[in-house]
Amino acid sequence: MLPWVVRRTGLPLLSLRCVDCRSESATTGEGRFRVNANDKLLDVWLLVRCVSCDRTGKLTVHERAPVRSLDPAELHGYRANDQELVASRLLDPLLARRNRFTLDWTGAWRLDTPSPWLDEPWPVQVEVVFDDPVPVRPDRLIAKGLGLSRNEVLRRVKCEIPLRRPTSTGFTFTVMAGD
């Protein structure tokens, strides 16, 4: 079984409407948090920037959270603008739902495949693993990895999941020999 891995190459854009220019895209830029203390309560925001007009906005990470309720390492990560913490918060579906944004993964991922797969006996089995929850259509992913057209993929590939519906979880498929 051949291993394929889908990896994130950068942070995705956010599909989020700007209040100034009505653009639909924003970025986290360098990935910065803003932490504001009010007595023993903390507010933590992830700062985002409009791609079109460069206006800065905030995504609420924690609102009026007691200081003691946060892990000290996590709190230090917010203050130090830890990039792994930025990525984990941005990929958190609860944060996306609460702040009403979706992620645009265009150009923010890559597919790592072993190069000599043609030496394998037919049929060839492939296991796809996702390092991050990148939503991709399996038929497009397989076509990219094998260098085939999507029609050829639909004809030659056997898979347990629908090939035309986006997925962000691992799956396996079998490539049958060509004519």
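Helices (H or I, at least four residues) and strands (E, at least two) are DSSP runs, numbered from the N terminus. The views below show a predicted model, in which local features need pLDDT of at least 70 and side-chain atom pairs count only at pLDDT 80 or more, while totals for chains, interfaces and linings use all residues. Residues are numbered from 1 along each chain as its sequence is written, and side-chain values use heavy atoms, with hydrogens and water left out.

**View 1. Confidence along the predicted protein.** The mean pLDDT, the predictor's confidence in each residue on a scale from 0 to 100, is 91 for the protein, and 96% of the residues score at least 70. Confidence is lowest in strand E3 (residues 25-27), with a mean of 90, and highest in strand E5 (residues 41-50), where the mean is 95.

**View 2. The five-stranded open sheet.** The strands follow the order E8-E1-E9-E11-E10, and their pairing is mixed; two strands pair if DSSP finds at least two bridges between them. Strand E8 (109-112) and strand E10 (157-159) stand at the edges, and because each has a single partner strand, one side of each is left without a neighbour in the sheet. From one strand to the next the twist averages 25 degrees, where axes are lines fitted to C-alpha atoms, for helices over the stretch in contact, and angles run from 0 to 180 degrees between N-to-C directions. Within this sheet, strand E1 (residues 2-8) and strand E9 (residues 124-130) pair in the parallel sense over five bridges, and Leu 2 has Val 126 in E9 as its bridge partner.

View 3. Ser 23 lies in the loop between strand E2 (13-15) and E3. With a relative accessible area of 13%, Ser 23 is buried, given that buried means under 20% relative accessible area, exposed over 50% and partly exposed in between (1.4 Å probe, protein chains only). The side chain of Ser 23 reaches the backbone nitrogen of Ser 25 at 3.5 Å. When neighbours within four places in sequence are left aside, Ser 23 is in contact (heavy atoms within 4.5 Å) with Leu 16, Arg 17, Cys 18, Cys 50 and Ser 52.

**View 4. Cys 18 and Cys 53.** The structure holds zero disulfides, a disulfide being a pair of cysteine sulfur atoms within 2.5 Å. The closest cysteine sulfur to that of Cys 18 is in Cys 53, at 3.6 Å, which is too far for a bond. Cys 18 counts as buried at 8% relative accessibility, whereas Cys 53 is partly exposed, with a relative accessible area of 34%.

**View 5. Helix H4 and what covers it.** Helix H4 (residues 138-146) is mostly covered, with seven of its nine residues buried, namely Pro 138, Asp 139, Leu 141, Ile 142, Ala 143, Gly 145 and Leu 146. The cover over these buried residues includes E1, E8, E9, helix H5 (150-156), E10 and strand E11 (171-175). H4 is followed by Gly 147, whose phi is positive, near 70 degrees.

**View 6. Leu 154 in helix H5.** Leu 154 has its place in helix H5 and, at 30% relative accessibility, counts as partly exposed. Apart from neighbours within four places in sequence, Leu 154 is in contact with Asp 139, Leu 163 and Arg 164. The C-alpha atoms of Leu 154 and Arg 164, which are ten residues apart along the chain, are separated by 9.2 Å.

Notes: A polar contact is a pair of N or O atoms within 3.5 Å; within protein, one must be able to donate a hydrogen and the other to accept it, and residues adjacent in sequence count only if both atoms are side-chain atoms.
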